[in-house]
Amino acid sequence: PPASPPFIYFNRCSHFHFSPPISAASATASASMSTDLLRLTSRRLVRATKTKSLSAMATEHDEYMGSLKAQLAKLFEVSLKVTVPNELDVEPLVAACNGKFGDYQCNNAMGLWSKIKGKGALFRGPPAVGEAIKNNLPTSEMIESCSVAGPGFVNVVLSKNWMAKVSIQKMLIEGIDTWAPLPPVKTAVVDFSSPNIAKEMHVGHLRSTIIGDTLARMLEFSKVKVLRRNHVGDWGTQFGMLIEFLFEKFPNFEDATETAIGDLQAFYKASKQRFDADPAFKERAQQAVVRLQGGEDKYRRAWAQICQISRTEFHKVYQRLGVHLEEKGESFYNPYIPGVIEALNKQGLVEESQGARVIFIEGINIPLIVVKSDGGFNYASTDLSALWYRLNEEKAEWIIYVTDVGQQQHFDMFFKAAKRAGWLPQGDSSYPKASHVGFGLVLGEDGKRFRTRNTEVVRLVDLLDEAKVRSKAALIERGKGEEWTEEEIESTAEAVGYGAVKYADLKNNRLTNYTFNFDQMLNDKGNTAVYLLYAHARICSIIRRSGKDIEELKNKGTLVLGHKDERDLGLHLLQFAEVVEEACTNLLPNVLCDYLYNLSEIFSKFYSNPECKVIGSEMETSRLLLCEATAVVMRKCFDLLGITPIYKI
């Protein structure tokens with residue numbers, strides 16, 4: 001068949017793109033895939049697995065020693081089945097309390113009373129239901145006492161001996177991984193960062209990159225196989241002008257290296273100016289697109305060269321941030337688009353509207369365009385194809401997209417279209433599922449989008465380097481230049497500088513805008529990475545100054561939570577698993593940041609209390625173990641946030 005015309009479509013950053021023409025082989029493959037797609041859809045791709053909370057899933061594992069809520073929920077589940085045997089599928093409602101009446105509380109009584117009253121129930125109100133729930137709790141070494149308050153709230157006080165020996169000391173011996181939550185998915189895709197080829201990564205990419213990395217880290221800690229996907233913009237009309245400009249500047253284009261081209265952003269701007277100002281160049285650039293899409297070797301090699309130079313630039317940012325991704329850009333999914341669209345068409349989902357082919361979404365007054373009126377594919381075409389691939393080829397059960405909140409409507413429509421197709425279940429209570437993780441803007445101190453003084457967007461690599469420079473200057477100002485080696489200063493400056501940038505972003509609710517301010521994020525007081533890193537280093541210093549072998553103490557020593565401040569610290573440590581669980585479930589890294597800062601504050605209260613003296617006290621071994629447990633949990637928090645800990649200040 002004759003070559004198909006190039007098709008224009010949009011990518012995530014709204015640049016015009018062309019899809020490649022479909023060869024005879026591709027057309028055959030697409031037709032085959034279309035049939036497979038329809039067959040798969042007719043069987044319904046959705047497994048419609050009833051979603052359980054992470055805690056509920058965790059309780060199915062007898063050896064699970066992580067979330068306190070999960071362990072208590074298992075006990076209350078037994079009690080509820082005895083208390084109200086005729087009420088099926090009653091999920092225990094267990095929550096942490098403020099400590100006035102207990103450590104945790106079961107809040108099922110009122111809800112149960114509303115269901116059973118008038119049905120000949122033996123109870124006379126919610127308090128009686130609460131008493132029955134309390135009395136039917138199985139005996140457990142983790143519970144010290146229970147009481148009922150108000151309208152049937154069952155308050156639980158945990159055993160401090162169980163907290164110390166069975167949980168915290170066990171974790172110190174067996175490792176923090178024993179506290180990992182167990183989510184109800186085995187494989188997840190996290191789609192994040194996604195810069196455009198031939199453009200610099202700027203501050204606008206910061207949030208997607210570090211939020212996505214943290215979500216991936218939390219899921220990986222939770223034993224989920226995470227496919228870290230970099231959906232780069234690597235296909236489009238801009239490559240015509242870039243290739244032609246490359247040919248002009250470097251006749252032997254394969255010698256064009258990153259050093260020869262220099263500033264990639266400047267190269268892009270220069271080619272765009274030439275494209276806009278020179279009709280002859282513009283015509284050659286348009287022909288270059290056709291040749292590229294036609295698979296002409298010279299143009300494909302030039303395209304690959306430009307992509308590789310961009311990747312080298314991206315790597316500089318990812319290396320500084322400690323972020324790892326696998327690139328599967330727009331060009332990867334292009335061959336799948338025709339088959340996906342055809343399968344949707346055979347299902348009767350694709351309709352004609354003003355010359356375009358669209359999918360109508362209930363409740364939204366504009367349709368989702370999947371083929372433009374000129375026959376071109378677009379952003380929705382690519383995303384639908386990528387979703388199909390991730391569900392069917394990569395077998396992902398949870399696909400998470402990390403982009404700015406401005407793209408919320410697109411994802412809402414795209415997900416609803418996938419539900420209409422039967423790829424995803426209706427509602428949000430079943431797997432597989434797709435989630436959009438939106439985030440706000442990074443602002444300058446003027447309250448506007450963060451830019452340089454000459455209104456250019458800030459290059460991300462420059463931003464990170466500036467953070468390191470400032471961090472290093474602060475260390476030298478504190479006299480570390482005379483005490484430490486150059487390597488120690490460099491590594492600490494990187495850990496603190498890069499960590500400060502990350503934490504300043506992650507500690508905010510991702511949906512809100514935040515103001516970028518070096519002075520605030522590098523402050524060593526308050527809720528900053530610098531303060532937290534220094535707090536961790538101080539704990540390590542305490543352990544070193546004791547002169548004791550902490551590994552030996554873990555195996556031979558005994559942890560005791562005798563003082564209130566010790567118990568408060570121990571309880572907060574034990575709540576780590578449910579905090580990670582909450583942060584994963586709601587896709588909110590700031591929940592983990594809040595926990596980490598509070599942990600540091602609770603430790604400070606413990607350590608500064610004269611009654612809790614560590615070194616030289618009768619309880620030195622126990623308190624050193626508590627210090628070590630705090631340091632272990634802090635390090636895992638840092639790891640999940642992508643921050644490198646420091647061990648001395």
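This note sets out numbered points on the fold, strand pairing and packing of a predicted model.

1. Basis. Residue numbers start from 1 along each chain as its sequence is written, and side-chain values use heavy atoms, with hydrogens and water left out. Because the model is predicted, local features need pLDDT of at least 70 and side-chain atom pairs count only at pLDDT 80 or more, while totals for chains, interfaces and linings use all residues.

2. Overall content. The protein has 26 helices and 18 strands; helices (H or I, at least four residues) and strands (E, at least two) are DSSP runs, numbered from the N terminus. Of the 649 residues, 55% are buried, where buried means under 20% relative accessible area, exposed over 50%, and partly exposed in between (1.4 Å probe, protein chains only). Among contacts with a separation of 6 or more, 74% are between residues 24 or more positions apart; contact means heavy atoms within 4.5 Å.

3. Strand E8 (residues 187-191) and strand E9 run parallel and are joined by five bridges; two strands pair if DSSP finds at least two bridges between them. Within this pairing, Val-190 has Arg-228 in E9 as its bridge partner. The chain passes from E8 through H7 to E9 in a right-handed β-α-β crossover, meaning that with the strands pointing away from the viewer, the path from the first strand over the helix to the second runs clockwise. E9 (residues 225-230) is mostly covered, with five of its six residues buried. On to strand E10 (residues 326-327), E9 has two bridges, again in parallel, and Arg-229 is partnered there by Glu-326.

4. Helix H7. This helix (residues 206-221) has 16 residues and reaches 23 Å from first to last C-alpha, close to the 22 Å expected; the expected span is 1.5 Å times one less than the number of residues. Of its 16 residues, 15 are buried.

5. The antiparallel sheet. An open sheet of four strands has the order E4-E5-E7-E6 and antiparallel pairing. Its edge strands are E4 (94-96) and E6 (143-149), each pairing on one side only. Neighbouring strands are turned by 25° against each other on average, direction ignored. Three bridges link E5 (residues 104-106) and E7 (residues 153-158), and Cys-106 stands opposite Val-154 in E7. Helix H5 (residues 126-135) lies across E6 and E7, running at about 170° to E6. Axes here are lines fitted to C-alpha atoms, for helices over the stretch in contact, and angles run from 0 to 180 degrees between N-to-C directions.

6. Leu-158. This residue is in strand E7 and is buried, with a relative accessible area of 0%. Beyond four places in sequence, Leu-158 touches residues including Leu-68, Leu-72, Tyr-104, Met-142, Arg-567 and Leu-571. Its C-alpha is 8.8 Å from that of Glu-141, 17 residues apart along the chain.

7. Nonpolar cores. A nonpolar core is a set of buried Ala, Val, Leu, Ile, Met, Phe, Trp, Tyr and Cys residues joined through side-chain atoms within 4.5 Å. The largest has 160 residues, and those with the most contacts inside it are Trp-179, Phe-516, Phe-576 and Val-633. Helix H26 (residues 620-641) gives the largest share of this core, 13 residues. Apart from it lies another core, of 37 residues, among them Leu-227, Tyr-333, Tyr-379 and Ala-417.
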